[in-house]
Amino acid sequence: MDPQETLPLDPEALIGIWQFLLAEGQLLWRAALRPWTTYQIGIIIGLFLLAWGLRSVIRPRYSEWLRTRENWPKWRLRFGVIVLRRMRMILFVAMIWVVYLVMNEMTFTYRSLLLRVVANLSAAWLFIAFATRLIANPALGVVVRYGAWTWATLSILGWTDETESTLDSMALTMGDTRLSLWLIIKAVVIMTVMLALARLTAGASAASIRRNKDISPSMKVLAVKVLQVVLFGTAFFLALKSVGVDLTGLAVLSGAIGVGLGFGLQKVVSNLVSGIIILLDKSIKPGDVISLGDTFGWIEALGARYVSVVTRDGKEFLIPNEDLITGQVVNWSHSNEFVRLDIHFGTSYHDDPHTVRRIAIAAARGVDRVLGFKPPVCHITGFGDSSVDYVLRFWIKDPTGGLTNIRGDVFLALWDAFKENGISIPFPQREVRLLKNETTPQAEVLPGAD
């Protein structure tokens with residue numbers, strides 16, 4: 001094996017890089033010694049100081065004016081904040097372009113060459129700074145900003161070919177595979193651009209799907225997730241293909257990895273498949289009220305691995321999708337939102353059952369959440385030891401509002417109605433009898449004793 005093939009950098013490339021830097025340094029030094037170059041450098045420094053001074057005067061007034069624009073849309077306010085932060089660069093770009101255009105008309109072109117380069121660089125940097133503010137992810141925005149600044153600088157200075165050849169010479173060769181620094185940078189840039197485009201497309205498409213009223217909530221979630229997987233997967237493979245990566249070997253490797261993951265991540269795969277089944281059969285959907293064991297709440301979100309259930313006390317349970325498929329789930333709003341609730345109570349034997357039923361139904365009708373077009377009913381369920389037992393049944397259509405609170409409201413309405421009409425609710429009584437040989441011969445009745 002040739003030892004040179006194992007080196008990450010070709011020695012001849014190092015010599016070429018050094019010679020290129022020396023040549024460019026000599027050109028810059030000779031250009032800096034020219035009188036008109038010195039004048040242009042002075043003009044650039046003077047314009048920068050002038051922009052700094054003008055910003056100190058304009059920025060406080062602009063900031064106060066921007067504070068009064070509270071009724072503006074969010075995107076316009078965000079643009080105004082960016083202008084506030086980049087005001088010095090905006091002033092500098094505007095002034096240097098005016099000076100360059102004036103000097104280009106009044107004197108020879110070479111006497112304003114440096115002004116033109118600086119004007120192009122500053123304008124490109126300013127545009128990139130504004131454009132990258134549209135990226136929501138701060139870390140990604142910083143990477144794209146500095147990468148775009150570097151590329152714009154090399155393009156304006158005309159160093160793109162030399163830089164590409166230099167980075168391509170920094171390579172590591174392993175057999176038939178040659179991995180250069182230029183290839184890595186190219187792959188990262190293309191991957192970032194493709195994933196950003198996929199994210200924008202997925203976001204716009206997801207918003208359009210969510211606004212469609214003809215699609216059920218569960219199918220909306222499924223469509224959005226499938227769309228995201230397809231777009232991001234396509235962007236990933238297109239980026240790899242564009243930099244010359246052989247996808248055949250990647251397919252074989254991914255198949256082997258998939259077999260290994262299938263054995264090691266059975267629960268994860270089971271939850272993923274269960275989530276797809278839940279979305280397809282529409283058994284539960286966001287907003288449904290469910291009961292699973294001791295958990296009662298409504299579906300907040302459907303995830304790829306779990307379902308988020310929020311209870312009335314604000315707790316959020318993350319229930320694995322597999323438990324919803326294999327366990328017994330009570331969906332209070334599966335086919336419709338109507339829920340019937342039962343309340344059991346008892347009255348004394350001397351109270352007329354017909355009157356008790358009429359008063360109970362009227363009391364339930366007076367509660368706000370009880371439905372009127374599905375009227376409450378009251379039935380006798382049995383004759384107990386100390387009371388006549390009844391069941392009061394009524395309907396509601398908003399189980400997300402809670403079940404315990406509506407039961408409490410109906411019980412309170414029954415209490416008030418029974419008090420008003422003289423209906424008594426019996427409670428257990430016990431008699432304690434003492435034998436004659438005890439100190440107290442008479443019997444004592446203890447109401448409410450257990």
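**Salt bridges and a helix pair**

A search of the whole structure finds three salt bridges, a salt bridge being a side-chain nitrogen of Lys or Arg within 4 Å of a carboxyl oxygen of Asp or Glu. The model is predicted: local features need pLDDT of at least 70 and side-chain atom pairs pLDDT 80 or more, while totals for chains, interfaces and linings use all residues. Residues are numbered from 1 along each chain as its sequence is written, and side-chain values use heavy atoms, without hydrogens and water.

Arg340, Asp342 and Arg393 are linked in a salt-bridge network. The N to O distance is 3.6 Å for Arg340 and Asp342, and 3.4 Å for Arg393 and Asp342. Arg393 belongs to strand S10 (residues 388–396) and Asp342 to strand S8 (residues 339–347), so this pair ties together parts 51 residues apart in sequence. Strands (E, at least two residues) and helices (H or I, at least four) are DSSP runs, numbered from the N terminus.

Arg340 is partly exposed at 40% relative accessibility; buried means under 20% relative accessible area, exposed over 50%, and partly exposed in between (1.4 Å probe, protein chains only). Asp342 is also partly exposed, at 27%.

Asp398 forms a salt bridge with Arg369, their closest N and O atoms being 3.1 Å apart. Asp398 sits in the loop between S10 and helix H14 (404–421), and Arg369 in the loop between helix H13 (353–365) and strand S9 (377–383).

Elsewhere, helices H4 (residues 87–106) and H5 (residues 113–132) pack at about 150°, axes 9 Å apart. H4 is therefore roughly antiparallel to H5, the term for angles over 145 degrees. Axes are lines fitted to C-alpha atoms over the stretch in contact, and angles run from 0 to 180 degrees between N-to-C directions.

Conventions. Parallel < 35°, antiparallel > 145°, perpendicular 65-115°, else oblique.
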